[in-house]
Amino acid sequence: MTVQPYRLYIERIDPSKNMARFYALSIEPNLFGETSLVRSWGRIGSRGQQKIHVFDNEAKAVDLLLTLLRKKRSRGYRILNRHPRLACLSEGRVS
């Protein structure tokens, strides 16, 4: 069961390319006692798409969250909100 909520919202905006994208990640418990990583993405202002990954424990979900975050940051996405559990991510400690 997830003890602390993890929520992250990042955006990539490039007016010269008419690009305005969002990517949201959250780790949440599901009804079966497992941990889910919920990924949402799309154009800002749209509903976008969603994918849910189910894990036996929270550590595996956090590992995937960090892997996805590194990949998105390398592609130009930037963190907008600073959740206390993820504050170190916005300070550049994750490449």
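I take a nonpolar core to be a set of buried Ala, Val, Leu, Ile, Met, Phe, Trp, Tyr and Cys residues joined through side-chain atoms within 4.5 Å, where buried means under 20% relative accessible area, with a 1.4 Å probe and protein chains only. The model is predicted, so I kept local features at pLDDT of at least 70 and side-chain atom pairs at pLDDT 80 or more, while totals for chains, interfaces and linings use all residues. Numbering runs from 1 along each chain as its sequence is written, and side-chain values use heavy atoms, without hydrogens and water.

Core. I looked up the largest nonpolar core and found 16 residues, with Leu8, Ile10, Tyr23, Leu25, Ile27, Leu37 and Leu65 having the most contacts inside it. Strand 1 (6–14), strand 2 (19–29) and helix 1 (58–74) each supply at least two of its residues; helix 1 gives the most, 6. Helices (H or I, at least four residues) and strands (E, at least two) are DSSP runs numbered from the N terminus.

Leu25. Contacts (heavy atoms within 4.5 Å), leaving out residues up to four places away in sequence, include Leu37, Leu65 and Leu68.

I traced 5 strands in an open antiparallel sheet, order 4-3-2-1-5; pairing requires at least two DSSP bridges. Strand 4 (49–55) and strand 5 (78–79) are the edges, each pairing on one side only. Strand 3 (35–43) pairs with strand 4 over 7 bridges, and Val38 stands opposite Ile52.

Ser26. This strand 2 residue is buried at 8% relative accessible area. Beyond four places in sequence, Ser26 touches Tyr6, Arg7, Ser36, Leu37 and Val38.

Note on methods. Buried means under 20% relative accessible area, exposed over 50%, partly exposed in between (1.4 Å probe, protein chains only).
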